[in-house]
Amino acid sequence: MTAVAVILAAGYARRWISDDGLIYVRAVEQILAGNGPVFNAGERAESSTGTLWQWLLTVVGFVLPDSLPELAVYLGLALTGAAVAFGVTGSQRLHGGAPLPAGVVILLALSPMWDFATSGLETGLAFAWIAGAWWLLVNSRDSSKESHLGLAFVFGLGPLVRPDLALVSIVFLMALWLLHRPAHRTTVRLLAVAGALPVAYQVFRMGYYGVLVPLPAISKEASDSHWLRGLAYFFDLFLVYGLLIPVGIVLWVGLRRRLTRSDRILVLAPVIAGALSVLYVVKVGGDFMHGRMLLPGLLLVLLPFFCLPRASSRTVRKWAGTGLAAWAVLAALVLRTPYTPALSPTGIADERYFYRGLTGVDNPVSKEDFVNAEWVKQGWVESAQRELVFATNKPAMNVPRMEPLGPNRPHRVGMVWQMLGSAGAVTPLDQLAIDPIGLSYPLAAHLELTDRNGRVGHEKMLPRVWISADYGMPTKENEAARRALSCGDLAELQESVRAPMTWERFVANFFGSFSRTTLRVPVDPVAAERLFCG
C-alpha cells in the first residue's frame, strides 16, 4: 500500500527519540529491574501518561532490554504505519470499491506527522488505536453480536492509551450502540466490558500512587482552562501549514455524498470525536511540542475521508484534486515552523530539530546519543559521591551546583535536572533523578501554579530549598521547608509515595486519593509551614 510505504519511509528518515520518550524508557527499565512502575526506586510516582504504551514497551523489553529506546522508536513507527493502513482500508470499505486518496494525503504531507511517527512517545499507539477502533466500527456492520463485546473492550482502552482519549472512547461506544441498538441487558454488558480494564487500573493507580491521575496531569494542571494559549497552539499548526484549506476541501467533497443512516454514524463518530479532542487540547492550553497533541484529533476528523469516491461533478474533481495536490506539494517541500531552532514566543518548539541540534546526531534514537552529548555531562553523575547535583540546561553554565545528600539517604547521587529523560538516562536505576518540574516528583507536581506565562506544561519549578530540605542536609536555610514536609497533609503526601506498600497503605492511598489529587503546596516554605503545621 503506497500510503503506508510513504509514512514508513518519511518516519524512518526522521526517526528520533525525544527527552520525554526517555522518561518512558526509565520507567520500563525500573519495571524490568523489579522496582515496579516508578521513575525512582522507592518512590511511587506515575511519570508515564500513556499507560498502555509503558506496559507494551515492558513486554517487548523482556526480549531486548538493552535496546529499549530503539524499540520505542521502531514500534511507534510500525504502529503509525498500521494506523494509515487501518484508515485507508476502513474508508475504502465505507465508501465501497477502491476510492481515490484524499484525507490521507493531508497527513502524509505534514512534517509533524513524520516526526511523531516515532519520538518514543505513545503517539504511534494513539494513532493505531484510533484508526484501528474506527476500522472495527466500520466492519461491525457485518459482524455477529457476540463480537461486539470484543469491540467494546477495544473502544474502552482510550483512557489507558492517553487519559484525554476517554472522549474518543465515549463517542465510539455511542456509535456502536446507535449502529446496532442492542437490548438493555446487552448494553450493560457492553459497558461493563468496555470499562473493566480502565476501572481496574484506576483502582490500582489510586491505591499504589495515591492520586487519581498520572503525575504529569497534576504538574501541568490538566483540568484548568487556558483558551488563549490553546488557540495559539492550534494556529501554530493550522496557520503554518495552511491546514484549513486542504481539510476544508476534503470535508466539502466528502460531505456532498448522500449517506445512509449507518454511513452517517460511521462518518460523524470520528469527526465529532476529533472535534472534541481538538477542543480539549485548546481548552487546556495546548502543548510545547509543535503539532503533537493536535495530530490525533486531525486524524480522527480525516479518517472517514482518507479515500473518497470519484466526484460526480467534473468541476468538483478538477478544482478539489488540483487544490489538494498543490497544497500537499507545498506542505511537504516548503512549509515549516518559522521559529526553528528557537522557541516560538508562546513557548512551542520543533522538538525533533531541538534535540537533533543538542545531541549533534541527525537521528538520535539511543540513550548513548543523549548521554554522550556535550551538554549532558555524564561525568557529573560518575564523579559525584553523596551529593545532590543541580544541573543546568545552559551550556554556558555547565558547572553544576553540588550539595551533600541527607544522612537518611542511601544513595550516592541525586541528579536534579528539568530535562528528566536525559537525567534518567545518565542516572543509574538505584540512584535519584529528581525532577523539579514534577513529572516524576510528587512534591514538585503538587506545587501551586502561580504563573501561566512559562513554557506550556513547564510553568512549575520547585525551588532549590525544597529539594535540599527533602533530599539534602538540614540547614538553617531549609528549616521551614523541612518542618512543612513533616506536618499534616504534606507529610501524608510524602508517606503515600514512600512508605512501604502494604494492604493498609494501599487502602489509605485509595481513599485519600481524592483530596490528595487537589492538594497544592505554596511555593514559599514559610507559607507552607504556616499552612500545614498550623
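User: How many aromatic pairs does the count come to?

Analyst: The model is a predicted one, and rings of Phe, Tyr and Trp pair here if their centres lie within 6.5 Å. By this rule, the number of aromatic pairs is 15.

User: Which class of geometry does the pair of Phe86 and Trp135 belong to?

Analyst: The ring centres of Phe86 and Trp135 are 5.6 Å apart, and the angle between their planes is 50°. Planes under 30 degrees apart would count as stacked and those over 60 as edge-to-face, with the rest as tilted. The pair of Phe86 and Trp135 is therefore tilted.

User: How many residues apart in sequence are the parts that this pair ties together?

Analyst: Phe86 belongs to helix α4, which covers residues 68-95, whereas Trp135 belongs to helix α7, which covers residues 123-139. Phe86 is partly exposed at a relative accessible area of 28%, and Trp135 is also partly exposed, at 29%.

User: Why is the pair of Phe510 and Phe511 edge-to-face?

Analyst: The ring centres of Phe510 and Phe511 lie 5.2 Å apart, and planes over 60 degrees apart count as edge-to-face. The pair falls in that class because its planes are at 85°.

User: Is Phe511 buried or exposed?

Analyst: Phe510 has 22% relative accessibility and counts as partly exposed. For Phe511 the relative accessibility is 60%, and the cut-off for exposed is over 50%, so Phe511 counts as exposed.

User: Over the ring of which residue does the charged end of Arg44 sit?

Analyst: The charged end of Arg44 sits 5.9 Å from the centre of the ring in question. That ring belongs to a residue in a cluster in which ring pairs link Tyr201, Phe204, Tyr208 and Tyr209.

User: Which element gives the largest share of the lining of the largest cavity?

Analyst: The search of the whole structure finds 3 cavities of 30 Å³ or more, and the largest cavity holds about 90 Å³ of space. Its lining has 14 residues, with Ser111, Pro112, Asp115, His290 and Asp350 nearest the centre. The elements giving two or more residues to this lining are α6 (111-115) and α18 (351-359). The largest share, 3 residues, comes from α6.

User: How many charged residues are in the lining of the second largest cavity?

Analyst: About 70 Å³ of space lies in the second largest cavity, and its lining includes Glu122, Arg162, Asp164 and Arg292. By class, this lining has 4 nonpolar and 2 polar residues, and the number of charged residues is 4.

Definitions and conventions
Residues numbered from 1 in each chain as written. Predicted model: local features only at pLDDT ≥ 70, side-chain atom pairs only at ≥ 80, totals over all residues. Heavy atoms only, no water. 1 Å grid on protein atoms, 1.4 Å probe; cavity = no way out; pocket = protein on both sides within 12 Å on 5 of 7 lines; lining within 4 Å. Points joined across faces, edges and corners; volume = space filled by probe spheres on them. Helix = DSSP H or I, 4+ residues; strand = E, 2+ residues; numbered from the N terminus. Nonpolar A, V, L, I, M, F, W, Y, C, P; charged D, E, K, R; others polar. Phe/Tyr/Trp six-rings, centres within 6.5 Å; stacked < 30°, edge-to-face > 60°. Buried < 20%, exposed > 50% of the residue type's maximum accessible area, 1.4 Å probe, protein only. Lys NZ or Arg CZ within 6 Å of the ring centre and 35° of its normal.
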